[in-house]
Amino acid sequence: MSEASPAKAYGLHLGVIALLFVLSFLLPEYYHGLLARIMVLAVFAMGYNMLFGYVGLLSLGHAMFFGAGLYGAGLAIIQLGWSVPAAFAAGLCCGAVLSLVIGLLALRTTGVAFMIVTMMFAQVFYLAILYFAAWTGGDQGMVVPQPARVLAFGATSLDLTDPTVRYMAALGLFSLVLLMTLAIVRSRYGRVLVAVRENEERTKMLGYDTFSNKLAAVVVSGTICAASGAAYALLFGYVGSSFASVQYSILPLLWVLLGGAATTLGPLIGTLFMYYVIDVTSGYTSAYLLIVGIALILLVLFFPKGILGTIRQRWLGWLP
Amino acid sequence: MHFGPHLLLATLEGLVTSAVLALTALGLSLVFGVMRVVNVAHGEFFMLGAVLAWAITSAIGGHPALGFLAALVIAPLIVGAIALVAERLVLRRLDYNPEATIVATIGMLYIIQQLALTFYGPEARPVEPPFSYRIVLPWFGYSGYKLSIIAASALLLIATWLVLTRTRIGLIMRATQYDSETTQAFGIPVGRVYGGVFALGAMLAAIAAVLIVPISQAHYLMGQDPLLLSFIVIIIGGLGSLRGTVVAAVLIGLSDGIVSMFFSPTLAKIIATLLVAMVLVFRPQGLFGTASR
Amino acid sequence: MMPLLTTKGLSRSFGGLRAVDNVDFALMRGEIRAVIGPNGAGKTTFVSLISGRIQPTSGAIVFDGADITGLPTYARVRLGIAYTFQITSVFANLSAYDNVALPVQLTLSDRRSKGALRAGVMSALERTGLADRAHIPAGQLSYGHQRLLEVAMGLALEPRLLILDEPTQGLADSEIDNFVELVRDIARNATVLLIEHNMPVVMQLADRITVFNAGRILAEGTPEAIRDNAAVQDAYLGTAP
């Protein structure tokens, strides 16, 4: 892993970022907006991949971390009137604290029990949003008004509702998280995480406190997902309970499986590809859950390594 | 009404819930116990049972009992056949890997739900009860049909228990649960046992749904609550334990009615889900289970 | 001299079976100690208790003057108790380099330096003769090389006590000779506790031998004394060299 040539890996990732930058000026309006959304959701998928791909922990509750960022930022800005940066920070903090608590509890279990426990905690989070409807808007959700989504720097200001600003903000967050993920998986800590995934008992016997390492991974993963949620609230202005529902715990799993678990670029590829498929098929059917369902089954049956995982196995062994 | 009759009513209603829940959860529990597969699509098999019951009763017409009895036989058979196909085509090919099968059954959940929406539609539709006899108690009248649900469920549970403990099929199932490799070595076709168990689990859910549909209507999203409650029941009762499942179902069914008298349904669900998650974290063998695997 | 490791009344039961039964044991610094005994005598359970993989039913373990009975596995490793598995359990999907990098990066005093990590890994690989296979996934190495990698991982922890659980099992004779040399080399800096069935290897390497039978220590002494011990011959009838 960390012995593969760093220039190649960083070159590829910077190339992808540069490509996304150039696309901002080439894409027609509809796809421009869609790609901004996909980049934000790909951050969600990258956060999920951190835990599922590299540590091998399959959570069915990551919607709560996305939701923590979404509602943390959204409530701070709507109910408390905070500024954009403060609201974003609030979203991150909510995600970090929630993932720490959930990690401490859920990591006492393993395997199937871990999946069910995370799903149940996420369900509690979702129901709590519905229950405190006076604050959260219940299943109607809340709209973040345009004036609240302006970043002011003294005299100049950045309007996050402007398509180009929004795209660049999404790209900025995406690039930051992508390079951070790359740095983590190439680091010594990344090596320990993979070791835990491959054989936790053996990793303990090499002197690693695997619980603490896993807990740190849950917090990093949860915080990245919260960053995605907070960015979603600020960039797209809608804070809705459906983003905390079970379905939004399944979607990042699907994106990561499709793109390739434990690959740094897989989450982006998976999210992009899934949106593309839904976009293409929307002409024929509105039953998009049907496609999600079929995709999940086909992936686990015939394509468990996903797109990039297969490419890495067959052709490009150095792919991070 | 005074407190006593009120409590009696709540208890009766709770027992009806328990009866249906016990059957549904038993299906989930059998599948998990024997195959180690967590079937997230279990609630959708329940929903299919109810939707098919509506389709069959409306196709047959005549006396409601006739259609209902037909539904009680045909709907579970169709659901069982669908489950069998899903098991052959998907779960078996995944070699029953616990994590892959969860992802696959999530896929099944979406497919079944979406197909039900497409072909059955978003409406809730009623099914007429097979008979409408009311039992008159000193304080209130009570639906005889609801009492018959409790009786039917009890009979089915006893039958399942007898099959599991007294017959060769039950012995094979228990042996497979205990050690599938050794069972295979004794020449038992474990693959066929798994297929049968998965179909049986789905059929139990479908039967439960046919029994409840005359009092609750059929709807394409109706599988979600039974799935969650069944999870709660088998976690509390201890995964894969028949007696624990029944005890927990009665407990949850009764408390569901009583709790919802004091709390809003949402808050009740929040508390119940949180408590069950905590049970799974701190006492994974369940409240009644002892042995852990 | 104070022993490096002592156990007092160490016991572990599985159900009704007392796998390790009230064992008092002392290991001196710098020695190579072999633990032998018939199958099921409790040898592996005994070293698993020392490494912390399983918890004792009763009794105490003292390492370097400190009671470590309640410490988790990873903390014992950090104190200097390394354990190499009887059944090879290298990380099959990671390269040999990464397998060894895991223990090296833990013991590295200079935590930031990339060069130090590389040097540490290559030194452990060279000592076990695996340097030219550093980038092969461990799962694709031959069985003998996987066993050596297992030892390299133990070495890389720079342990004060290295527990080797049947290290020569499944090795060819030529490989065994190299292995004996390797253990001698290791013993210059570490105390070695060796579970071994291969009696020639035991006789060549061990300073002292402890014989287990039915969860208890049956005899203890120099290789010569053990060879002449009647009780040991009884317990070992047919399996003695």
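**Helices, interfaces and sheets**

Mentor: Let me start with chain A: what covers the buried residues of H12(A) includes helix H2 (29-55), helix H11 (247-259) and helix H14 (306-314) of chain A. Before you ask, this is a predicted model, where local features need pLDDT of at least 70, side-chain atom pairs count only at pLDDT 80 or more, and totals for chains, interfaces and linings use all residues. Residues are numbered from 1 along each chain as its sequence is written, while chains are lettered from A and ligands numbered from 1 in the order in which they are written.

Trainee: Which residues of H12(A) are buried?
Mentor: They are Gly266(A), Pro267(A), Leu268(A), Ile269(A), Gly270(A), Thr271(A), Leu272(A) and Met274(A). Buried means that 20 or more other C-beta atoms lie within 10 Å of the residue's own; exposed means 12 or fewer, and partly exposed is in between, with C-beta atoms placed from the backbone.

Trainee: And how far apart are the end C-alpha atoms of helix H12 of chain A?
Mentor: They are 22 Å apart, which agrees with the 22 Å that its 16 residues (266-281) should span at 1.5 Å a residue. The expected span is 1.5 Å times one less than the number of residues. Helices here are DSSP runs of H or I with at least four residues, strands are runs of E with at least two, and both are numbered from the N terminus.

Trainee: Switching to interfaces: how many residues of chain B are in contact with chain A?
Mentor: 31 residues of chain B, and they are in contact with 31 residues of chain A. Contact means that the C-beta atoms of two residues, placed from the backbone, lie within 7 Å.

Trainee: Which helix gives the most to that side of chain B?
Mentor: H4(B), with 15 residues. Helix H4 (98-120) and helix H11 (265-282) of chain B each supply at least two residues there. By class, that side of chain B has 22 nonpolar, 6 polar and 3 charged residues. Nonpolar covers Ala, Val, Leu, Ile, Met, Phe, Trp, Tyr, Cys and Pro; charged covers Asp, Glu, Lys and Arg; the others, Gly among them, count as polar.

Trainee: What about chain C against chain A?
Mentor: There, 19 residues of chain C are in contact with 16 residues of chain A. Helix H3 (96-107) of chain C and helix H2 (73-79) of chain C each supply at least two residues of that side, and H3(C) has the largest share, 7 residues. The classes on the chain C side are 12 nonpolar, 5 polar and 2 charged.

Trainee: Back to chain B. At what angle do the axes of H6(B) and H8(B) cross?
Mentor: At roughly 105°, with the axes of helix H6 (168-178) and helix H8 (190-216) of chain B coming within 11 Å. Axes are lines fitted to C-alpha atoms, for helices over the stretch in contact, and angles run from 0 to 180 degrees between N-to-C directions.

Trainee: So how would you describe the pair?
Mentor: H6(B) and H8(B) are therefore roughly perpendicular to each other. That label covers 65 to 115 degrees; under 35 is roughly parallel, over 145 roughly antiparallel, and the rest oblique. On the H6(B) side, Ile172(B), Met173(B) and Thr176(B) meet Val190(B), Val193(B) and Val197(B) of H8(B). The contact divides into 5 nonpolar, 1 polar and no charged residues.

Trainee: Now the sheets in chain C. What order do the 4 strands of the antiparallel one take?
Mentor: S2-S1-S4-S5, in an open sheet. Strands pair if DSSP finds at least two bridges between them. Strand S2 (17-27) and strand S5 (66-67) of chain C are the edge strands, each pairing on one side only. S4(C), residues 58-63, is joined to S5(C) by 2 bridges, and Phe63(C) has Ala66(C) as its bridge partner.

Trainee: And the sheet of 6 strands?
Mentor: That open sheet has mixed pairing and runs S6-S7-S8-S3-S9-S10 in chain C. The twist averages 20° from one strand to the next. Strand S3 (32-36) and strand S8 (191-195) of chain C pair in the parallel sense over 4 bridges, with Leu193(C) as the bridge partner of Arg33(C).

Trainee: Last one: what is the phi of Asn22(C)?
Mentor: About 55°, positive although Asn22(C) is not a glycine. Asn22(C) sits in strand S2 of chain C and is partly exposed, with 15 other C-beta atoms within 10 Å.
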